[in-house]
Amino acid sequence: MDARDLPLEPGELFSEMHVVTLPMVTRFRGITERELMVVKGPAGWAEFSPFVEYRVDEASQWLRATVEAATTEFPTPVRDTVRINATVPACPAHEVGGILGRFPGAEVVKVKIAARGLDSVEEDVERVSAVLRLSSARIRLDANGAYSVSEAVNAIRRFTHVPGFVERVEYIEQPCARVEDLVAVREQVEGVRIAADESIRKAQDPLRVARLGAADHIVAKVQPLGGVRAAIRVVEQCGLPATVSSALESSVGLSAGVALAASLEDESAAGLGTAALLSADVVTNPLRAREGVLPVGRVEPSQLLLEKHRAQPARTEWWVRRLRACWARLRERRED
Ligand SMILES: O=C(O)CCC(=O)c1ccccc1C(=O)O
Ligand SMILES: [Mg+2]
């Protein structure tokens, strides 16, 4: 469904709307609980879960993905399972073994780094060393844009001294926030590929990364890019290899990510194993990888779990207001 065809109110399209608070196994991205909304539309269940600090402008883009999932079938997949990467938060090195144990069979591990910029580089090196020691997987790092150009160059140099790193690294995701800085890092660092995440999903113009030669690889996320089809277009137009990744969604949102990953011609282990970082979900059989792969297909929340994890009334009201504000924003823009 196109924004121009949206009915006046979300309640006219969605027959059910639920807000839940899901506890997490470990702190990730500064949070220990994931608050999100799931809705039921004519084509099935869909998730609406922009992070709580996002404003209407950014959050309404995520709502496009929700509307797509609730009203249309996903594109025909080209494979029926999707390989995932393990995701290691910026945790102390001694926790790495426990985290890796939650992702059996993953052949790639993504490690969060730079929680405090270059100040955390020693802890980051410890964590990366632990990953390389405890698994034989390939490795990806994600700095979430925390470094300046010179900090990125220095940090990357430190990582390349860790035994096994150079041989096993796939890429470093978003070392710096600005696209121009990614270009500079890419020019100054040899032998380590650069991936763009925020520069794709938070950009007015996601194709700028490819035009300026700011990355070797991109990360594609369904909700921030406005849906599975919109994400496929971004990947095609960028012309760069792409990794599909989650926004720390429930299994409902993850299943849309799996639909995207299963639609792309080239497969790259997806960051969609993050149900393993939640200690509860809205479906009875969470989308947890077995032998490193996830199945393609829709999922159905359990009314019991929706009830069990229902958010506090004030938080539910906040989400319903947010949904309506984003809905109004999409309808306003329907002439675009
Ligand atoms: O890609 C993964 O392995 C997991 C998902 C992930 O890292 C993530 C999850 C929520 C918000 C941002 C990010 C990110 O890639 O920066
Ligand atoms: Mg990232």
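Reply: Val20 stands opposite Leu36, a residue of strand S2. Before going further, note that this is a predicted model. The strand that pairs with S2 (residues 31-41) here is S1 (residues 16-28); the two run antiparallel and are joined by 9 bridges. Between S1 and S2 there are 2 residues, and the two strands form a hairpin. Arg29 is in the turn of this hairpin and has a positive phi of about 60°.

S2 also pairs with strand S3 (residues 44-48), again in the antiparallel sense, through 5 bridges.

Arg29 lies over the face of Phe51, 3.6 Å from the centre of the ring. Elsewhere, the charged end of Arg298 sits over the ring of Phe74, at 4.4 Å from the centre of that ring.

Planes over 60 degrees apart count as edge-to-face. Trp319 counts as buried, because its relative accessibility is 0%, whereas Trp318, with a relative accessible area of 23%, is partly exposed. Ring pairs link these two residues and Phe48 into a cluster.

Now to strand S6 (residues 108-112). Is S6 largely enclosed by the rest of the structure or largely open? It is largely enclosed, because 5 of its 5 residues are buried. Both faces are covered: on one side are Val108, Lys110 and Lys112, on the other Val109 and Val111, all of them buried.

S6 has strands paired with it. Strand S5 (residues 86-88) runs parallel to S6 and is joined to it by 3 bridges; within this pairing, Thr87 has Lys110 as its bridge partner. Strand S8 (residues 138-142) also pairs with S6 in the parallel sense, over 5 bridges, and Val111 has Leu141 of S8 as its bridge partner.

Thr87 and Lys110 matter for the next step, which concerns ligand 1: both are among the residues that come nearest to it, together with Asn144, Lys221 and Ser245, out of 19 residues around it. For Lys110, an N or O atom of the side chain is 2.8 Å from an oxygen atom of ligand 1. A polar side-chain atom of Asn144 lies 2.7 Å from an oxygen atom of the ligand, and for Lys221 the distance from a polar side-chain atom to a ligand oxygen is 2.9 Å. Taken alone, ligand 1 exposes 380 Å², and the protein buries 98% of that.

Helix H11 (residues 228-238) has the buried residues Val228, Ala230, Ala231, Ile232, Val234, Val235 and Cys238. Residues three or four places apart in an α-helix point the same way, because there are 3.6 residues a turn. H11 is followed by Gly239, with a positive phi near 70°. Arg211 is in helix H9 (residues 208-212) and counts as exposed, at 57% relative accessibility. Although Arg211 and Cys238 are 27 residues apart along the chain, their C-alpha atoms are separated by 8.0 Å.

Conventions. Residues numbered from 1 in each chain as written. Chains lettered and ligands numbered in written order. Predicted model: local features only at pLDDT ≥ 70, side-chain atom pairs only at ≥ 80, totals over all residues. Heavy atoms only, no water. Buried < 20%, exposed > 50% of the residue type's maximum accessible area, 1.4 Å probe, protein only. Phe/Tyr/Trp six-rings, centres within 6.5 Å; stacked < 30°, edge-to-face > 60°. Lys NZ or Arg CZ within 6 Å of the ring centre and 35° of its normal. Helix = DSSP H or I, 4+ residues; strand = E, 2+ residues; numbered from the N terminus. Pairing = 2+ DSSP bridges. Near = heavy atom within 4 Å. Polar contact = N/O pair within 3.5 Å; in protein donor to acceptor, adjacent residues only side chain to side chain. Areas by Shrake-Rupley, 256 points an atom, 1.4 Å probe, with all protein chains shown as cover.
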